[in-house]
Amino acid sequence: MGGSVASIERPAYVNLKKYLGLLWRGEKVDGIGIMETLDDEILRMFNVDFRRVIMKPPKNWIEKRYADGIRENEWGVRFKQIGYYWEWIWYTPLGDIEDKDQIEDHTWPDLGALGRVEGLEKEARDLESAGWAVSTAPIFGGIFEIAWWLRGFNKFIVDLYTRPELASALMEKITDTYIGLYDQYLGAVGDHVQMVMFTDDLGAQTQMLVPPSLYRKYLKPCHKRLFDFIHSKTDARVFLHCCGSIDPVINDLIEIGVDVLNPVQPLAAGMESEVLKRNYGDRLTFHGGVDIQRALALGTIQEIDYEVRRRMKAFAPGGGYIFAPAHNIQPEIPAEKIVALYKAAEKYGCYPVT
Amino acid sequence: MEGAVAAVQHALDNGVPSREILKEGLSRGLEKVGTKFEAGECYISDLIMVGEVMKASVAVLRSHWKGEVAEILGTIVLGTVEGDIHDIGKSVFATLAENAGFNVIDVGVDVSAERFLEVVKGRGPNILGLSALVTTTMTRMNEVIETMERAGLRRKLRVIAGGAPITDDYAKQVGADAGVNDAIKGLEICKGWMKRVDA
């Protein structure tokens, strides 16, 4: 529980705290409404093994806020709260560029800014000494995601087909920026973390967003360069969050250094848990896997129990599974279901798992 | 893209009627893409690219249509329901529908039932297209349809619901005429409705 892709939306967390009779302890919410920090009492209650060290924003950096509640982060990406969710809004600062030289004119995160890793080395060391499995948190979105947030989805897709040199240049710039940030992050905590989390969604419910051939030609080299860098800075495992139906490229991800794959979204096409374990279980650790689209959203307590038992049975034998819901627990999920989820994990999650 | 535009221009230069190029050429190509998409051989990015190819090709035809009345299949008012700002699928559908001959009025995202009603009253469409991506907002579709019913407009148009979580069963439950989770299927349904209107 925790990490921006296996955490919990604020409304559900508030209800959970009320249900458990716990006071608010100043927990933080991240830029898109997901709980960034969680009450350690809840984490212990749910037997969560991981703790995270989170990179800070630079000192003296102020988030830009606009009328209508729009917020802009360091990358120049804007979000707005619509209903429950913080959503990327259709603001595309690189939407009009014609030439790859114009990419440098965008305001990118300042790699020379101070304060991002202040105190993190001690924090990671203390968590490790206390016996927790320690991970970093995703810094922001993925290489593919940031590219289309800045350029506009349709435009970036058309770039991939008709102006691949522009699309590649944009993704290379994002990769360069991430390498600079991970250099600082892992320079501080690399010796004390067991997992480095990165996220980049490539899949939808029934298929990939782009053909595997396009992924391999233009995005895979960027991912490889970043993951090679991460592996050069730490012995920690590389965790990739990649939603949806992505089976066609899982071998590619393993090839370029992904050690832990999340969320292995169980209802996405081609992502059946048992099949994934059989095909990749000797080379990959799975993280997530518990269905939140139907089981947690619509299921009874008994059905949730069954769901957890099923995923444990599929993923856990022989090792290589980190139990988590397949994505952030959604705002409307009642506290009773969340408690049932983690109780079931405790019931079925002790080795030997049969 | 250049290949498609060149092929359209070549056909026009050789006297092929523009309507035939659209119906027998471009639309047939679109049907093939639809079949491939259903078979998992095409991806959403391919649909977006197909939309751009259609746009560029139809632009060539349109310049040839000056002075002629272009055939309009029908009018679709389209929007993403209130509380939801996802529009990738909606925008693919809008591009494909426009280039297939529909007049598409895209009301945008986070559209209230009242706003849908205002536009429907003003533009009198044949079809109302409602889009939603998340399970918490697809329930708004019911609100929009009930608003049309109260205004006495429901029977004057067809309603199609679209989006990743939408099924035909769900669509019928909320009072829509059809539900789809892919743009090409949605377009075929809309074309089918307009053919029955003409018959």
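Reader: Which residue stands opposite A:Leu261 in E10(A)?
Author: That is A:Phe286. Bear in mind that this is a predicted model.

Reader: How many bridges join strand E9 to E10(A), and do they run parallel or antiparallel?
Author: Two bridges, and E9(A), residues 260-262, runs parallel to E10(A).

Reader: What does the chain pass through from E9(A) to E10(A)?
Author: Helix H9 of chain A, residues 273-280. The β-α-β crossover made this way is right-handed.

Reader: Why is E10(A) largely enclosed by the rest of the structure?
Author: Strand E10 of chain A covers residues 285-290, and five of its six residues are buried, so the rest of the structure largely encloses it.

Reader: And which strand do five bridges join to E10(A)?
Author: Strand E11 of chain A, residues 321-325, with the two running parallel.

Reader: Different topic. What is the order of the open sheet of four strands?
Author: E2-E3-E4-E5 in chain A, and the pairing is antiparallel.

Reader: Which strands stand at the edges there?
Author: E2 (64-65) and E5 (85-88) of chain A. Each has a single partner strand, so one side of each is left without a neighbour in the sheet.

Reader: How many bridges join E2(A) to strand E3?
Author: Two, with E3 of chain A being residues 71-72 and the strands running antiparallel.

Notes. Residues are numbered from 1 along each chain as its sequence is written. Chains are lettered from A and ligands numbered from 1 in the order in which they are written. This is a predicted model: local features need pLDDT of at least 70, side-chain atom pairs count only at pLDDT 80 or more; totals for chains, interfaces and linings use all residues. Two strands pair if DSSP finds at least two bridges between them. A residue is buried if 20 or more other C-beta atoms lie within 10 Å of its own, exposed if 12 or fewer, and partly exposed in between; C-beta atoms are placed from the backbone. A crossover is right-handed if, with the strands pointing away from the viewer, the path from the first strand over the helix to the second runs clockwise.
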